[in-house]
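Good morning, colleagues. Please look at the sequence and the structure as they come up, and keep both in view while I speak.

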Amino acid sequence: MTERTYLDHNATSPVRPEARQALLDALAATGNGSSVHSEGRASRAAMETARLRVAALLGADPRGVVFTAGGTEADTLALTPDYRHGEEKLSFDVLLTSAVEHAAVLRGHRFRADQLDILPVDARGRVRLDEVDAALERHAAAGRRVFASVMLANNETGVIQPVAEIARRVHARGGLLHTDAVQAAGRIPISLPALGADLTSLSAHKLGGAPGSGALVMADPDLRPAPVFAGGGQERGLRAGSENVPAVLAFGAAAERAGASVESEQTRIHALRERLEDALRCEFPELVLLVGDVDRLPNTSCLSLPGVPAETIVIALDLAGLAVSAGAACSSGKVAASHVLTAMGVPERIARSAFRLSFGWSSGEEDVDRALGVIRRVLPGLLRRRAAA
Ligand code: PLP
């Protein structure tokens, strides 16, 4: 069997050993965190430790962490026009978001379609601050209160958005800001106080926890979105339903590990990615690096081989032992150009041939060597097919 090289951490990262152990230990234990007996209290205590660990990853108050069943659910919980802050009721008239958000945000959830205001991005994939100012001005003039949602880093391109600058502007107009930090968390250092986001979405499986676990983190624990699920009073009444304790504990273990090494890993992984990109630039001038000179995650490369459908590239690389994604993994199988690249103004012929390589905690120098080996073997054949087409 061909040796496999996995460069698709933005789709999902392998479960870290610490997270796997935490998961197995929790499966071997029993106890509902809402029960008063010893087993229940042990379960509750373990979950509170996980909450501290997840909060520490963002420099946040652990009381603001609400565990969910993943990043999509965290985004869904955040995106509502109805909030409370203590006794005060807050309601929002507009969801101001960007054209490059993940589908989990772009749907708008409990905002009506006519309440969505979608900001364009520039050619490098960054939300334009002048457009933010203009939109906020327009909504303020019409007496509309804004809830903004702008991702910290993009899943397809790795581009990092100017979230702190946007948060300042939104706050100056009395709005709230949510950020989807699903791809950024554990890959770049994040300080919620410096970022200024009021709500932040996380997903465990992108940082080495188990799939089906995530969190919505409120910078101010008194801020409460209207819950999505009604039922028991778990997670301070914000997420009814018995908690997925094993996945929560694995999330805590992964968050602790990711947080402890985030700075050194950022440097290490950036060096791996640079070595790969430098070699590709030099050996294969036909490959287009779609996102280069912009603030982006250290682990993500977004490339295109114009004229060859992305699915063809992904399948050819897969057969040769290299796992990568075409556009967004969550929607792979789709044939249309990605909405992210389209919003950046990338021509359709190039966008339809885009593929993504993403490194992570388990990646090493050998992955760069093997990936280059596979690309060297596969690309000439793809180029010949393109020429013959
Ligand atoms: N937000 C972003 C930016 C993502 O990349 C993803 C998954 O790819 C999600 C949200 C959804 O997270 P989950 O898979 O945990 O539901």
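I begin with the ligand in this predicted model: one of its oxygen atoms is 2.6 Å from an N or O atom in the side chain of T72. At K206, a polar side-chain atom lies 2.6 Å from an oxygen atom of the ligand. For Q183, the distance between an N or O atom of the side chain and an oxygen atom of the ligand is 2.8 Å. A polar contact here is a pair of N or O atoms within 3.5 Å; within protein, one must be able to donate a hydrogen and the other to accept it, and residues adjacent in sequence count only if both atoms are side-chain atoms.

How much of the ligand's accessible area does the protein cover? On its own the ligand has 390 Å² of accessible area, and the protein covers 90% of that. Such areas come from the Shrake-Rupley method with a 1.4 Å probe, and for residues only the protein chains shown count as cover.

A word on the basis of these values. Residues are numbered from 1 along each chain as its sequence is written, and side-chain values use heavy atoms, with hydrogens and water left out. As the model is predicted, local features need pLDDT of at least 70 and side-chain atom pairs count only at pLDDT 80 or more, whereas totals for chains, interfaces and linings use all residues.

The ligand is surrounded by 14 residues, and the closest are G71, T72, D180, S203 and K206; near means that a heavy atom of the residue lies within 4 Å. Which helix gives the most to this shell? That is helix α3, residues 71-78, with three residues. Helices (H or I, at least four residues) and strands (E, at least two) are DSSP runs, numbered from the N terminus. By class, the shell has three nonpolar, eight polar and three charged residues. Ala, Val, Leu, Ile, Met, Phe, Trp, Tyr, Cys and Pro count as nonpolar, Asp, Glu, Lys and Arg as charged, and the others, Gly among them, as polar.

I turn to the aromatic rings. The structure holds five aromatic pairs, meaning rings of Phe, Tyr and Trp (its six-membered ring) with centres within 6.5 Å; planes under 30 degrees apart count as stacked, over 60 as edge-to-face and the rest as tilted. One of the pairs is F67 with F251, edge-to-face at 6.1 Å centre to centre, with 70 degrees between the planes. The pair links distant parts of the chain, strand β2 and helix α8, 184 residues apart. Both F67 and F251 are buried, that is, under 20% relative accessible area, with exposed over 50% and partly exposed in between (1.4 Å probe, protein chains only).

F92 and F147 also form an edge-to-face pair, at 5.6 Å and 75 degrees. F92 is in the loop between β4 and β5, and F147 is in strand β7, 55 residues apart. F147 has a relative accessible area of 0% and is therefore buried; F92, at 3%, also counts as buried.

Finally, two backbone positions. H109 has a positive phi of about 50 degrees although it is not a glycine, and E235 likewise has a positive phi of about 50 degrees without being a glycine. Are they buried or exposed? H109 counts as partly exposed because its relative accessibility is 26%, whereas E235, at 6%, counts as buried.
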